[in-house]
Amino acid sequence: MTTTIGIDLGGTKLLAVRLEDGEVVAREHFTTPGEATELVSGALAAIREVWGNGVDAVGAGVAGLVQYPEGVFVWGPHVAGTSVRLRSELEAELEVPVVVDNDANTAAWAELQRGAAVGCDDMLLVTLGSGIGGAIVIDGRVHRGSTFAGEWGHMLYQEHGLLCDCGKQGCWETVASGPALVRLAREFITLNPDGQLAHRLRDEALTGEAITRAADAGDESARGLVAQVGAALGRGLCSLIAILDPQMIVVGGGLGSIGESLLGPARRVAADALHGGAHRTLPPILVAELGPEAGAIGAALLAEDRVRGRLVLD
Ligand SMILES: [Zn+2]
């Protein structure tokens, strides 16, 4: 039996799963206080929560720029630390092989192996959470470009636009992410303090989850805000389709799991904006099947590949 652990280190969430012969047998979700968590100690704490007998290897997906296969976390706007040698530090501590990759790349691997993209060779994964992450799969393999391909959350969406967590202005993720939805809701409630949405959310923190719950419950204002984020998502997806023309786009991450109320508007806007749209078909834009756990599961699957000799890092 092969036992591996996968963790996903994101901006505000930390997930850990243990796989035995590919099946998830233990899982832990943590909410981290953002940049207060030190990367190596946070990773070790999560791994130990799901540690069991006979762990053969560990995989980690990290939100940000990751040098692969060296497993160095170079930098990321949502995670603390720079130039952290995560792979070698975890290997020294745990004494098992470790694989470290970008979290969208690990999530794409999971969706390819057992999720929405099984049997697909050319696909894009777009993860929506604290920001936008991305992975490019070409001919069944993650395409890395020189090193960091797929960081389209930071492609320029609007000149002189909103300030992004990365320090630049007008990045795509400033208008299509969890924080973007929260910002829209805050503006809406300020303008409509006596409205139904303000009333519904008055006793809870204004979070992406709370707004999407309101949308799911049929609140028209909340549905409108989700659709606005969906439209911004669709405009960016249109650019990705123009460049890479994938067989399919899989949308994951916490916000991506909303589903049709987000993806319906995204598809309509992308179809309208796509050049030559009357003469071609928009690729399917689908919800990720593995949900927010995809990054952690994909990391554990990469670790399994390493144990079985299907993945050689050095
Ligand atoms: Zn940015």
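Buried means under 20% relative accessible area, exposed means over 50%, and partly exposed lies in between, with a 1.4 Å probe and protein chains only. The model is predicted: local features need pLDDT of at least 70, side-chain atom pairs count only at pLDDT 80 or more, and totals for chains, interfaces and linings use all residues. Residues are numbered from 1 along each chain as its sequence is written, and side-chain values use heavy atoms, with hydrogens and water left out.

Q: Why is Cys 238 called buried?
A: Its relative accessibility is 8%. The limit for buried is under 20%. Therefore Cys 238 counts as buried.

Q: What places Cys 238 in a helix?
A: Helices are DSSP runs of H or I with at least four residues, strands are runs of E with at least two, and both are numbered from the N terminus. Cys 238 is found in helix α7, residues 220-244.

Q: Which residues does Cys 238 touch, not counting those up to four places away in sequence?
A: Ala 270, Ala 273 and Leu 274. Contact means heavy atoms within 4.5 Å.

Q: What makes Arg 18 and Glu 20 a salt bridge?
A: The term needs a side-chain nitrogen of Lys or Arg within 4 Å of a carboxyl oxygen of Asp or Glu. Here the N to O distance is 3.6 Å. The pair therefore qualifies. Arg 18 is buried at 15% relative accessibility, while Glu 20 is partly exposed at 24%.

Q: How do you know that Glu 93 and Arg 48 form a salt bridge?
A: Their side chains meet at 3.5 Å, N to O. Glu 93 lies in helix α2 (residues 86-94) and Arg 48 in helix α1 (residues 39-50), so the pair ties together parts 45 residues apart in sequence. Glu 93, at 47% relative accessibility, counts as partly exposed. Arg 48, at 48%, is partly exposed too.

Q: What makes Arg 200 and Asp 219 a pair that ties parts of the chain together?
A: Their side chains form a salt bridge at 3.3 Å, N to O. Arg 200 lies in helix α5 (residues 196-200) and Asp 219 in the loop between α6 (208-216) and α7, so the linked parts are 19 residues apart in sequence.

Q: Is Asp 219 buried or exposed?
A: Buried, with a relative accessible area of 0%. Arg 200 has 35% relative accessibility and counts as partly exposed.

Q: How many salt bridges does a search of the whole structure find?
A: It finds 15.

Q: What makes a space a pocket?
A: On a 1 Å grid over the protein atoms alone, a pocket is an open set of points where a 1.4 Å probe fits, with protein on both sides within 12 Å along at least five of seven lines; lining residues have an atom within 4 Å of a point. Points are joined across faces, edges and corners, and the volume is the space filled by probe spheres set on them. The largest pocket holds about 1,000 Å³. Of its 49 lining residues, Thr 12, Leu 128, Gly 129, Ser 130 and Gly 254 are the closest to its centre.

Q: Which element gives the largest share of that lining?
A: α4, with five residues.
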